[in-house]
Amino acid sequence: MTIDARRMAERCEALARHSEQPDGLTRVFLSAEQRAVNDLVRGWMGEAGMDTRLDAIGNVVGRYEGTRPGLPCLMLGSHLDTVRDAGKYDGMLGVVAGIECVADLHARGVRLPFAIEVVGFADEEGVRFAATLLGSQAVAGHFDPALLDRTDADGIAMRDALMASGLDPARIREAARRPDEILAYVELHIEQGPVLEAERLPVGVVTAISGGNRFNVEIAGHAGHAGTVPMGLRRDALAAAAECVVAVERIARGVPGVVGTVGRIEALPGAINVIPGRVRFTLDARAPGDELRQQAVAAMKDEFAAIAARRDVTVAVSPVWEARTAACAPALQRQLAAAIHAEGVRVHHLPSGAGHDGMAIVAIAPIGMLFVRCTGGISHHPAEAVTVGDVGIAARVLARFIAQFVPPHR
Ligand SMILES: [Zn+2]
């Protein structure tokens, strides 16, 4: 087996040069930069012995046939779009790794009893149209046509952006794949967290992509003069919110795997000498199991209600988003673990707190994920980094996994 980790790192660098701005990396859905990386990736896929195409929503698809043409595939890949001012590896590393593994098979003339497809999804991050997983949702057959009318910050509708990229909005459903075409979807991705670094491990097996809930919370109390209203007569919305924030932390800490975050808070009227009468804050709660998450969220809401009652304020909790947990198939977890073990690395399992394309693909195929350690757990930032050594280990694990792959029962 020949895995060239340095070439993989160079390819991530090469992809990062296609950016909206010269002094950083931003590459969004259906942009000129995206068209450029699509060409680059298709070139590498072709060199690795794959037939390539752009599907109806703009995903790059490379296919390496098995022992005979037309066999169902093991799908590998990740996304080629980025957040604003992104790192070079989130997404791209998974695409480059898939190509590297196929290049190795091609160089050795190996054909497997299944095809391999490597997909570079066109939109995972959802930056341009504020709707995530557009590429993988289309492949899963779950693209929402109502999104075609959605506009970006410049007022350009998705429908028009597709046409400007040479794609036909009326044909997006042709990107959808049948479940019998895909044996499994396996994605290599940087961890985007600090766990593997703390464990001193280059790679880990993902158990599930955590589901999540987001809420807007509004607390209404009573504004008043900071000098004249005695403490005992106050209905301070911000003091109530502070208790709620601490309750979120306490409840999430109490259940392993659950995370809860208040990321934004706003106090009104927002003056130094006025008791806050109204506060709005956000809540983001995630867990690697739906029941676990629903229990934690219910406990948080109960606690908010108790705090509000005690302080004579009102609290309103409005849901803004919910995603179910996408469990990684146990059989794929076992096969990835065996490949890690064969590489001489201790096996560690961990959930993914961040969302990934597997959340969409799980609707049509069993999913698995291999995480790669990233420096400082940093992602979505120019400081995002991996070592060439870790990249090599991860790609060799993926190659071993492919060589031993047995389709999971479903
Ligand atoms: Zn990603």
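At 8% relative accessibility, Ala86 counts as buried in this predicted model. Ala86 sits in the loop between S3 and H3. Setting aside residues up to four places away in sequence, Ala86 touches Leu25, His380, His381 and Pro382. Ala86 and Ile265 are 179 residues apart in sequence. Their C-alpha atoms are 25 Å apart in space.

His380, one of the residues touched by Ala86, belongs to the loop between strand S16 (367-372) and H11. His380 is not a glycine, yet its phi is positive, at about 55°. With a relative accessibility of 36%, His380 counts as partly exposed.

The zinc ion has three protein donors: His79 (NE2), Asp90 (OD) and His189 (NE2). These donors lie 1.9 to 2.1 Å from the zinc ion. Along the chain, the donor residues follow the spacing H-x10-D-x98-H. Asp90 lies in the loop between strand S3 (73-79) and H3, while His189 lies in strand S5 (residues 182-190). The pair therefore ties together parts that are 99 residues apart in sequence. Asp90 is buried, with a relative accessible area of 5%. His189 is buried too, at 1%.

The largest nonpolar core holds 87 residues. Within this core, Ile116, Phe401 and Ile402 touch the most other members. Helix H3 (residues 92-108) gives the most to the core, with 10 residues. A second, separate core has 24 residues. Its members include Ile219, Ala247, Ile251 and Ala308. In soluble globular proteins, nonpolar side chains tend to be buried together.

Phe401 also takes part in helix packing. Beyond its neighbours within four places in sequence, Phe401 is in contact with Leu74, Val186, Leu332, Gln335, Leu336 and Ala339. Among these contacts, Leu332, Gln335, Leu336 and Ala339 belong to H9, and Phe401 itself belongs to H11. Helix H9 (residues 330-342) and helix H11 (residues 388-404) pack at an angle of about 125°. Their axes are 8 Å apart. H9 and H11 are therefore oblique to each other. Their crossing is right-handed. From H9, the meeting residues are Leu332, Gln335, Leu336, Ala339, Ile340 and Ala342. From H11, they are Val397, Arg400, Phe401 and Gln404.

Helix H1 (residues 5-16) and helix H2 (residues 32-47) have axes that come within 10 Å. These axes cross at roughly 155°. That makes H1 roughly antiparallel to H2. The crossing of H1 and H2 is right-handed. On the H1 side, Arg11, Ala14 and Leu15 take part in the contact. On the H2 side, the partners are Val37, Leu40, Val41, Trp44 and Glu47.

Leu350 lies in strand S15 (residues 349-352). Leu350 is buried, with a relative accessible area of 4%. Apart from neighbours within four places in sequence, Leu350 is in contact with Glu191, Val195, Leu196, Gly204, Val205, Val206, Thr207 and Phe371. Leu350 and Ala208 are 142 residues apart along the chain. Their C-alpha atoms are separated by 7.9 Å.

Two further loops carry backbone features. Leu133 is found in the loop between strand S4 (115-121) and helix H4 (134-139). Leu133 has a positive phi of about 60°, although it is not a glycine. Leu133 is buried, with a relative accessible area of 9%. The other loop runs between strand S10 (265-268) and strand S11 (274-275), and Pro269 lies there. The peptide bond from Leu268 to Pro269 is cis. Its omega is near 5°.

Key: Residues are numbered from 1 along each chain as its sequence is written. This is a predicted model: local features need pLDDT of at least 70, side-chain atom pairs count only at pLDDT 80 or more; totals for chains, interfaces and linings use all residues. Side-chain values use heavy atoms; hydrogens and water are left out. A nonpolar core is a set of buried Ala, Val, Leu, Ile, Met, Phe, Trp, Tyr and Cys residues joined through side-chain atoms within 4.5 Å. Buried means under 20% relative accessible area, exposed over 50%, partly exposed in between (1.4 Å probe, protein chains only). Helices (H or I, at least four residues) and strands (E, at least two) are DSSP runs, numbered from the N terminus. Contact means heavy atoms within 4.5 Å. Donors are N, O and S atoms within 2.8 Å of the metal (3.2 Å for Na, K and Ca); water is not among the atoms, so sites may look incomplete. Axes are lines fitted to C-alpha atoms, for helices over the stretch in contact, and angles run from 0 to 180 degrees between N-to-C directions. Angles under 35 degrees count as roughly parallel, over 145 as roughly antiparallel, 65 to 115 as roughly perpendicular and the rest as oblique. A crossing is left-handed if the near helix is turned anticlockwise from the far one by less than a right angle, and right-handed if clockwise.
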